[in-house]
Amino acid sequence: MITLHERGVWLVGGAPADAFDVPAAEARKRTMAWRILQAHNRSGDPEKLRVGFDAMLSHDITYVGIIQQARASGMTEFPIPYALTNCHNSLCAVGGTINEDDHLFGLSAAKKYGGIYVPANQSVIHSYGREAMAKCGAMILGSDSHTRYGALGTMAVGEGGPELAKQLLRDTWDAPCPEVVLVYLTGTPRRGVGPHDVALALVKATFANGFVKNRVLEFAGPGVRQLPIDYRNGIDVMTTETTCLSSIWETDEETLGFYAAHGRPEDYCELHPADGAYYDRMVHIDLSRVEPMIALPFHPSNAYPIREFLARAPELLAEVEAEAKKRWPRAKINLGAKIRDGAVWADQGVIAGCSGGTFDNIDEAAQILSGGSVGCGAFNLSVYPTSVPVSMELTKIGATGDLLAAGAVIKPSFCGPCFGAGDVPANNGLSIRHTTRNFPNREGSKPGEGQFAGVCLMDARSIAATAANGGRITPATDVDYAPVHHAYHYDSSAYDRRVYNGFGHPQPETELIMGPNITDWPAMYPMSDNLLVELAAVIRDPVTTTDELIPSGETSSYRSNPLRLAEFALSRRVPEYVGRAKAAARAEADRRAGKAPAALRELLARIGDADKLLENTQFGSCVFANRPGDGSAREQAASCQKVLGGFANICYAFATKRYRSNCINWGIVPFTLDKDAVFSAEAGDCVFVPDIRAGIAEGREEFCAALLRRDGSIEPLRLFVSGLTDDERQILLDGCLMNHYKFRAEREG
């Protein structure tokens with residue numbers, strides 16, 4: 001099904017080759033990724049990218065903070081098309097008025113600065129990106145991790161909010177030129193096998209081993225031509241879960257058909273690797289061998305063919321139960337009860353979001369369910385089309401009617417099921433979803449309070465087959481149906497009437513509408529000479545997600561209020577974290593006021609002259625995790641730590657570039673350990689890093705630190721801060737990105 005090749009390959013005559021007469025260093029310039037990246041690179045150095053993007057998108061969880069950061073740093077207008085979609089905090093009954101307050105802020109900002117405003121329930125962020133903003137050869141930046149438009153010939157990157165603020169300030173996105181991995185597609189998918197099946201198989205093959213981490217995936221091969229554009233988009237958007245940096249696909253008449261259908265044929269051009277293009281690695285996917293897949297809790301990579309899962313259900317569900325019980329002792333978990341009558345039964349199905357709610361997915365699901373019924377038992381099915389234009393076309397072809405007649409519920413465009421807002425199953429419920437993620441709490445449960453529910457990811461086709469069997473998990477390949485592919489006809493009339501497009505026409509006299517929950521960022525200070533941090537959380541899970549660092553769901557409503565949101569940091573993983581971090585922050589505030597607590601003085605006395613160290617040693621909190629930051633691009637996973645007085649992360653490796661970038665942009669030092677080092681510290685222990693400011697300024701990558709244990713012992717510790725750019729070093733020295741822009745203006749003025 002999927003084969004990984006770690007050695008470099010050339011693409012010669014459309015087929016992979018182990019050798020070619022052009023050296024690798026020169027032949028890598030023949031990839032699509034190289035050409036697009038260099039066309040957007042402002043550095044003059046092809047190996048050190050400083051990228052200016054063509055357009056940006058944010059949703060209503062992130063755009064308020066981004067605009068607030070950019071305003072504080074001197075922005076006066078949006079220099080590139082910037083779409084503000086309202087697809088995450090769309091439930092305006094949650095949190096009182098504050099969600100709709102954010103929407104009014106977004107509309108007023110779009111008018112003031114010249115932006116694009118997409119009202120609630122018109123479209124999810126990435127559907128609008130595909131419909132209105134993608135362009136062959138372009139690059140798009142989004143404050144959502146699933147910003148992927150590679151199947152449309154657009155290289156797109158999902159990053160935290162500060163990176164978008166940089167673009168608004170006409171600055172650049174900086175990164176070393178990435179390696180490129182060839183994803184070579186052959187064969188044709190079988191009936192009943194959908195894009196999520198291919199995507200989950202790809203994630204399973206590449207996530208845990210880091211095979212494509214921070215690399216660009218370039219899709220090519222004869223299999224590309226066998227896939228409709230929605231199928232390609234459905235695979236492409238899930239490449240985020242491999243931890244790759246971005247993606248790009250060959251384009252063809254199918255891609256042209258998409259642009260033509262959306263009234264933008266001029267935005268199409270052919271993209272292909274030049275003959276002899278070199279790739280650092282290769283993933284070969286034989287589409288004809290892909291089976292219907294299911295990803296079990298708590299990660300898309302925990303995937304199995306549905307056939308195998310059903311055969312091993314007692315064993316595999318017991319493993320999920322054991323992991324859940326280890327994480328949440330209060331929850332009474334019984335997934336084994338889903339096994340009965342020789343089958344495994346789900347309680348809920350959801351087809352939604354940028355991966356599941358596309359026209360082709362819902363159309364084929366409707367065909368499978370046509371004339372059938374989801375039944376009158378506990379099982380229920382919710383379907384969320386990605387946008388109003390998609391919903392209109394599904395209605396015109398009769399798919400909506402077929403789904404409603406079968407007992408499905410059609411809901412408006414909304415990302416809620418992807419992050420735990422809406423469609424929360426009952427306690428011990430098992431939900432099957434064609435959405436992007438099944439991390440803990442992504443379904444909205446609160447296992448720390450004794451609740452528990454699990455999400456399995458499946459393709460819309462197998463969800464429909466399961467629904468037709470009343471919740472009995474069934475691969476779509478077991479259903480006898482003859483799919484009919486309907487041509488998609490895009491109707492922009494709803495957008496023409498409802499979307500505000502003010503790009504290029506800012507109205508600076510417009511007053512921003514700021515509800516009581518929209519607050520400014522608290523003061524942050526430059527880095528001191530020395531750093532002392534207390535470990536407020538020590539997490540030894542293999543991977544720590546951004547959902548654990550700052551939960552999604554109902555907390556999303558508070559993302560315009562930094563102080564209030566910070567109260568939720570690590571609340572579902574380390575409930576003690578906030579109290580510990582606040583205590584360290586109070587001690588630092590007292591130190592700055594010349595009233596250092598006795599405990600801090602005694603701690604510093606263990607390593608030197610306490611009086612002198614109190615003058616030039618910053619004290620705060622720190623999080624240790626083995627591999628933090630998998631998942632969302634949300635900057636709040638880092639900013640909440642900083643708001644609570646956090647100054648460092650310590651880990652063996654960062655799960656994603658975007659989380660590491662978020663830490664840097666919020667003035668959190670991204671320390672790593674040697675992969676063979678044993679870090680046995682516990683919460684409450686402290687780490688002292690002398691001369692941190694001088695070391696960062698000089699570009700030092702290794703720091704000799706000391707671990708101060710609570711029992712009074714001191715151990716030497718080696719920490720690393722590698723690969724910082726000049727700008728990143730200065731951001732850390734200045735204390736955060738906003739300080740950086742303020743101080744830079746002062747330095748230059």
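1. In this note, helices are DSSP runs of H or I with at least four residues, strands are DSSP runs of E with at least two, and both are numbered from the N terminus. The points below concern a predicted model. Under this numbering, α5 (125-133) and α16 (416-419) each supply at least two residues of the lining of the largest cavity.

2. By class, the lining of the largest cavity consists of seven nonpolar, nine polar and five charged residues. In total, the model has seven cavities of 30 Å³ or more.

3. The largest share, four residues, comes from α27. Sorted by class, the lining of the largest pocket has eleven nonpolar, nine polar and twelve charged residues.

4. The second largest pocket has a volume of about 450 Å³. It is lined by 20 residues, of which Glu323, Arg327, Asp541, Pro542 and Val543 are the closest to its centre. Helix α11 (residues 313-327) gives three residues, the largest share of the lining of the second largest pocket. This lining divides into eight nonpolar, four polar and eight charged residues.

5. The axes of α27 (residues 726-734) and α28 (residues 737-748) lie 8 Å apart, at an angle of about 95°. Because that angle falls between 65 and 115 degrees, α27 counts as roughly perpendicular to α28. On the α27 side the contact involves Gln730, Ile731 and Asp734, which meet Leu737, Asn739, His740, Phe743 and Arg747 of α28. The residues of this contact divide into three nonpolar, three polar and two charged.

6. Helix α13 (residues 359-369) is mostly covered, with ten of its eleven residues buried. Which residues of α13 are buried? They are Phe359, Asp360, Asn361, Ile362, Asp363, Glu364, Ala365, Ala366, Ile368 and Leu369. In general, an α-helix has 3.6 residues a turn, so residues three or four places apart point the same way. Just after α13, glycine 371 takes a positive phi of about 80°.

7. The loop between α6 (161-168) and β10 (173-176) contains leucine 169. Is leucine 169 buried or exposed? Its relative accessible area is 18%, and since buried means under 20%, leucine 169 is buried. Apart from its neighbours within four places in sequence, leucine 169 is in contact with Ala70, Ser73, Gly74, Met75 and Tyr741. Alanine 70 is 99 residues from leucine 169 in sequence, but the two C-alpha atoms are 6.7 Å apart in space.

8. Arginine 170 is found in the loop between α6 and β10. Although arginine 170 is not a glycine, its phi is positive, at about 65°. The relative accessible area of arginine 170 is 54%, and because exposed means over 50%, this residue is exposed. Leucine 169, by contrast, is buried.

9. Asparagine 214 lies in the loop between α7 (195-206) and β12 (216-220). What is the phi of asparagine 214? It is near 60°, a positive value in a residue other than glycine. With a relative accessible area of 31%, asparagine 214 is partly exposed.

10. The bond from proline 297 to phenylalanine 298 is cis, with omega near 15°. Phenylalanine 298 is found in the loop between β16 (293-295) and β17 (303-305).

How values were computed:
Residues numbered from 1 in each chain as written. Predicted model: local features only at pLDDT ≥ 70, side-chain atom pairs only at ≥ 80, totals over all residues. Heavy atoms only, no water. Buried < 20%, exposed > 50% of the residue type's maximum accessible area, 1.4 Å probe, protein only. Contact = heavy atoms within 4.5 Å. Axes fitted to C-alpha atoms, helices over the stretch in contact; angles between N-to-C directions. Parallel < 35°, antiparallel > 145°, perpendicular 65-115°, else oblique. Nonpolar A, V, L, I, M, F, W, Y, C, P; charged D, E, K, R; others polar. 1 Å grid on protein atoms, 1.4 Å probe; cavity = no way out; pocket = protein on both sides within 12 Å on 5 of 7 lines; lining within 4 Å. Points joined across faces, edges and corners; volume = space filled by probe spheres on them.
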